[in-house]
Amino acid sequence: RIAHRSDIGVLTTFQETTITTTMNTLKICLCVLLLISSSGAQNYDDYDDGGGYGNQEYAQDNLYHDYAMKQQDKEVGAPAGFGWGKIMIGTGVGWFLGGKFHSNRKEKKLNEKFKQDQKELYTQYYNDVYSLQQQNAELVNALEQMGVKLR
């Protein structure tokens, strides 16, 4: 069928989606193809045994060997791990210091409460004694007015 001028440039949404999906798929395939072609075997002619770094004579370097020996000596001479003894000692010291701290706080609170209770008790005692002395004085006055001598 020959396209009329009115059909050109008018696409349905389904056609647009299909074209977009196809283009995206082609782009991904092109990227994968470029990656595969660029990651092919590379030529390392500079590093063969005939030239370059392959035939240079290096003096034997014992730097790593010395380091490894020192590390091994440290491991052999070091105590085995942190140890449960240190953990238990640390726990005991922490428990003791925490108990000391918290007991001192509690002691201060109890002392304040005890002093307050003692002050209230002494105040009540003095008030009771004073009221009893006043009551005794009133009774003595009442008896003297009736004519009874007590002393």
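Predicted model: local features only at pLDDT ≥ 70, side-chain atom pairs only at ≥ 80, totals over all residues.
Colleague: How many helices and how many strands does the protein chain have?
Modeller: Read from the N terminus on, the elements of the protein chain run α-α-α. The count for the protein chain is accordingly given as 0 strands and 3 helices.

Colleague: What percentage of the residues of the protein chain count as buried?
Modeller: A residue has to fall under 20% relative accessible area to be called buried. The accessible surface of the protein chain comes to about 15200 Å², and carbon and sulfur atoms account for 60% of that surface. Of the 151 residues of the protein chain, the share that count as buried is 0%.

Colleague: Does the span of helix 3 agree or disagree with its 63 residues, and how far apart are its end C-alpha atoms?
Modeller: Helix 3 covers residues 84-146, and Gly147, which follows helix 3, has a positive phi near 100 degrees. At 1.5 Å a residue, the 63 residues of helix 3 should span 93 Å, which agrees with the distance between its end C-alpha atoms, namely 90 Å.

Colleague: Which residues form a nonpolar patch on the surface, and what is their accessible area together?
Modeller: One of the patch members is Leu97, which is placed in helix 3. Leu97 counts as exposed because its relative accessibility is 52%, the cut-off for exposed being over 50%. The patch is formed by Ile89, Val93, Trp95, Phe96 and Leu97, and their accessible area together is about 620 Å².

Colleague: Is the pair of rings of Tyr64 and Tyr67 stacked or tilted?
Modeller: Both residues, Tyr64 and Tyr67, lie in helix 2 (residues 63-77), where they are 3 residues apart, about one turn of the helix. Tyr64 is exposed with a relative accessible area of 64%, whereas Tyr67, at 48% relative accessibility, counts as partly exposed. The count comes to 2 aromatic pairs. For Tyr64 and Tyr67, the ring centres are 6.4 Å apart and the planes are at 40 degrees, so the pair is tilted.

How values were computed
Residues numbered from 1 in each chain as written. Heavy atoms only, no water. Helix = DSSP H or I, 4+ residues; strand = E, 2+ residues; numbered from the N terminus. Buried < 20%, exposed > 50% of the residue type's maximum accessible area, 1.4 Å probe, protein only. Areas by Shrake-Rupley, 256 points an atom, 1.4 Å probe, with all protein chains shown as cover. Patch = residues over 30% accessible without salt bridge, like charges linked within 9 Å, V, L, I, M, F, W, Y side chains within 5 Å. Salt bridge = Lys/Arg side-chain N within 4 Å of Asp/Glu carboxyl O. Expected span 1.5 Å × (residues − 1). Phe/Tyr/Trp six-rings, centres within 6.5 Å; stacked < 30°, edge-to-face > 60°.
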